[in-house]
Amino acid sequence: MSWTEVGPLADIPNKGSRVLETPDGDVAVFRTAGDEVFALFDRCPHKHGPLSQGIVYDKRVACPLHNWVIDMESGEATGPDEGCTRTFDTKVEDGVVFISL
Amino acid sequence: MKEKLVLIGNGMAGVRTLEELLKLAPEKYDITVFGEEPYGNYNRIMLSPVLAGEKTIDEIMINDMQWYEDNNITLHAGKKITKIDRVNRQVLADDGTVEEYDRLLLATGSRPFMLPVPGADLPGVISFRDIKDVDEMLSTSKTHKKAVVIGGGLLGLEAANGLMLQGMDVTVVHISGVLMNQQLDETASDLMLEELKGKGLNFLMNHATESISGDGRVEKLHFKDGSDIDADLVVMAVGIRPNVELADSAGIHCDRGIVVDDTMQTFDPTIYSVGECVQHRNQTFGLVAPLFEQAKVCANHLAKMGIARYISSVTSTKLKVTGIDLFSAGDFNGDEETEDLVFKDAARHVYKKLVIKNDRLIGVVLYGDTVDGTWYFQLMRDATDVSDIRENMLFGQHHLGDSGHGAANSTDNLPDDAEICGCNGVCKGDITKAIAEHSLFTLDEVKAHTKASASCGSCTGLVEQILASSLGTDFNDTPSKKAMCGCTDLSHDEVKNAIKAQDLKNIPQLMEALEWKNADGCHSCRPALNYYMLSSWPNEYVDDPQSRFINERVHANIQKDGTYSVVPRIWGGVTNPGELRAIADISEKYDVPTVKITGGQRIDLLGVKKDDLPKMWADLSDAGFVSGHAYGKSLRTVKTCVGSEWCRFGTQDSTGLGIKLEKMTWGSWTPHKFKIAVSGCPRNCAEATIKDIGVVCVDSGYELHVGGNGGIKVRATDFLCKVATEEEAMEYTAAYMQLYREEGHYLERTAPWIERVGLNHVQALVVDDAENRKRLAERFYKSQENSQNDPWAEHAAKYKENYIPIKQVS
């Protein structure tokens with residue numbers, strides 16, 4: 001598994017996210033209240049809303065367009081909604097976030 | 001080792017409790033269920049459609065055997081528990097099965113009350129309670145002709161209707177003169193009687209049964225007045241009695257039912273009870289909605305979260321009996337101190353009665369047309385002062401001056417492909433299918449599964465109607481108290497009061513003090529809490545951007561493709577060539593694809609990329625513009641007409657006043673968006689009468705109109721008062737806006753707020769009480785001191801990194 005450096009954890013707001021631009025499209029890198037880091041393809045499975053702009057709580061993010069709630073661990077839509085967005089492995093070492101693209 | 005939970009009673013209340021428990025703590029218990037009937041859990045409410053031949057048993061199963069297997073629940077179907085051994089914590093079944101428990105849940109339900117008359121034990125005399133009864137009715141209907149149903153309540157009428165549809169000649173015997181006397185008054189009962197007679201049912205009202213006779217099988221029913229009637233089948237539906245014998249024999253305190261406290265605990269702390277077998281605060285239960293609320297509370301305690309309390313309060317009943325819509329709530333009979341509003345149209349089979357006491361609605365009966373049931377119930381629950389709407393309220397909510405969503409009033413006659421939810425394109429058939437397939441009971445469940453009424457909400461009434469007719473006889477739609485969201489059982493008002501009462505200064509502190517179920521809340525409560533903090537502690541609370549919806553976090557409106565729109569503030573809608581030139585230049589510089597004039601007389605620059613926002617704002621700022629807050633739950637725009645400066649009809653300087661009002665109110669956060677308009681004469685070109693507050697200038701001064709909006713449900717304003725000077729118009733506006741900021745629920749616009757609290761209330765605090773008006777206005781000015789900093793300039797200077805990617809990788 002090859003790791004790409006994203007940047008300092010401190011640059012991602014707590015209960016927020018920053019966008020990582022890649023040649024295959026934007027990746028949303030999230031930081032939870034407990035400083036866990038998750039990464040999702042920045043497209044909601046519903047109408048492709050940018051998940052990076054949603055409200056983060058627990059290990060979930062609510063899409064800003066129509067409030068679909070995506071589980072950041074699995075990338076799956078929660079509740080009766082059905083759909084999935086791609087997830088990426090992440091790790092934090094010495095306060096720096098890495099992602100496996 | 002896991003603790004053992006044993007459930008006695010495999011019915012709707014008990015199994016619902018298990019479902020709620022599995023949601024909260026799926027791994028906590030080894031669960032064992034005992035049920036007397038040899039089936040999984042079925043929807044008892046739907047036995048009537050089975051009897052009527054509209055549904056089969058398979059279609060009314062809620063949890064089939066597979067469900068128990070999937071959830072690792074051991075089901076003993078067909079086994080009756082005969083003894084609870086509390087000392088050794090064991091239950092014993094009639095076949096010798098012994099099961100130990102750490103926690104025991106009693107959901108033994110109720111049984112039909114059988115009249116203790118001679119002959120009641122003859123073959124052919126049955127009740128209407130379970131699948132066995134339905135089977136017997138169906139088989140009897142094939143071989144016999146005459147059926148008598150004792151009891152003119154909900155269940156009796158359903159049984160009578162079903163037997164009639166199976167081809168029997170049916171007579172309903174009722175002890176009083178009023179059918180369904182728990183739900184209906186005399187007039188509604190008379191209408192119902194007439195309609196049911198028209199369908200072919202026979203009635204013997206005011207008849208008391210004395211005995212039943214027959215040779216080896218029921219043949220005759222004898223009444224106290226000496227008369228009698230032939231009968232091949234007698235169905236007793238005269239009420240239910242909680243099943244307490246098992247609990248009682250184990251020494252658990254029982255009265256009419258098994259006595260439980262607010263946590264659904266019995267007098268033995270290891271034993272809980274829910275459903276029709278319980279007695280809570282001296283009340284017993286027969287409808288499904290309270291049982292589900294109990295299930296939720298009980299599951300919370302079984303999961304050892306320990307925060308829920310069951311509070312039974314005023315409930316409404318929305319019923320569909322043999323195809324007739326009924327709604328009743330509260331004290332619908334009234335007394336000497338009440339006044340009745342009555343509407344009756346016998347030809348259309350419509351009857352409405354509202355009971356009013358001290359200007360408050362305290363009871364409702366609706367027959368035939370129940371569209372407005374939910375609205376009336378809300379007026380009751382909120383104890384709204386109805387004196388202003390009294391003239392028209394009998395005709396329904398859509399007669400109160402708003403034209404509403406132009407949808408049908410009744411869903412029954414609509415075809416399956418009729419569109420119910422225009423926002424999400426959901427048809428009637430989609431909803432009925434989802435209700436059947438997923439066993440949905442509540443509006444929230446239908447919303448989650450179909451998205452119907454999940455966007456603008458204007459079709460909520462229609463969805464509720466479909467739910468009511470699909471669920472059949474027992475649908476209770478309106479919770480007695482509406483929780484803020486799934487994270488808490490508290491309502492908006494309770495949360496707001498707690499902020500002040502407990503001196504809660506930030507969101508984490510609030511969530512801890514009020515025992516929020518999810519540690520950091522959800523996308524629904526966090527923005528609300530952030531607003532309540534801001535409005536409760538102005539100039540003190542530090543705004544939490546992560547608890548704001550994206551539009552307010554980045555001060556621009558997100559569009560469907562993830563780009564944003566930028567709307568600079570143009571005071572009162574008055575601009576000049578220099579400003580327009582600057583906007584034109586900036587639009588070209590950033591390749592803005594669409595430039596549009598908004599409904600509020602501003603200019604909308606659409607399709608801006610997020611990382612361009614701070615740069616564009618810096619340029620707009622240099623040209624003298626500030627944010628237009630077109631994205632916020634805040635003052636949007638003050639729309640004006642040209643007024644006395646140019647217009648030959650203008651009576652006052654409406655543009656000038658509009659600009660002053662906008663300079664006073666911009667930057668203020670409100671529960672929902674807030675729009676103002678000023679018209680220079682009663683021709684009202686600025687459309688001030690559909691704004692949150694509108695000023696209509698007249699020759700002698702300024703009329704102030706409040707609580708209007710366009711949008712989903714158009715609502716024209718109510719007239720607040722007339723003032724003589726511009727200064728007064730401004731002070732009243734500030735005071736009114738502050739009252740709304742302090743009292744409104746988050747995402748509640750002024751129109752529903754005023755309908756909730758009543759115009760009188762607003763007039764009393766803003767118009768009649770000059771001292772209070774001054775205090776409100778003072779609080780408004782005070783909180784504005786720190787909120788009129790342009791967020792665009794601030795973000796362009798300080799927070800640019802929020803708008804750009806953290807990194808680009810190639």
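**View 1. Chain B is divided into six assigned domains, from domain 1 to domain 6.** Domain 1 of chain B covers 3-109 + 242-302, domain 2 covers 125-238 and domain 3 covers 316-399. Domain 4 covers 492-548, domain 5 covers 552-622 and domain 6 covers 635-784. These bounds come from an automatic or database domain assignment. The C-alpha centres of domain 1 of chain B and domain 3 of chain B lie 36 Å apart. The model is predicted: local features need pLDDT of at least 70, side-chain atom pairs count only at pLDDT 80 or more, and totals for chains, interfaces and linings use all residues. Residues are numbered from 1 along each chain as its sequence is written, while chains are lettered from A and ligands numbered from 1 in the order in which they are written.

**View 2. Four cysteines of chain B carry a UniProt "binding site" annotation.** The unreviewed entry lists Cys641(B), Cys647(B), Cys681(B) and Cys685(B). They spread over 45 residues of sequence, yet they cluster in space, with a largest C-alpha distance of 11.0 Å. Such annotations may be inferred rather than shown by experiment.

**View 3. Cys641(B) sits in a loop between β34 (635-640) and α19 (654-665) of chain B.** Helices (H or I, at least four residues) and strands (E, at least two) are DSSP runs, numbered from the N terminus. Cys641(B) counts as buried because it has 25 C-beta neighbours inside 10 Å; the cut-off for buried is 20 or more. Beyond four places in sequence, its contacts (C-beta atoms, placed from the backbone, within 7 Å) include Cys647(B) and Cys685(B).

**View 4. Cys681(B) lies in the loop between β35 (674-679) and β36 (693-698) of chain B.** Cys681(B) is buried because 20 C-beta neighbours fall inside 10 Å. Leaving out residues up to four places away in sequence, Cys681(B) touches Phe649(B), Gly650(B), Thr651(B) and Cys697(B).

Technical notes:
Buried ≥ 20, exposed ≤ 12 C-beta atoms within 10 Å, placed from the backbone. Contact = placed C-beta atoms within 7 Å.
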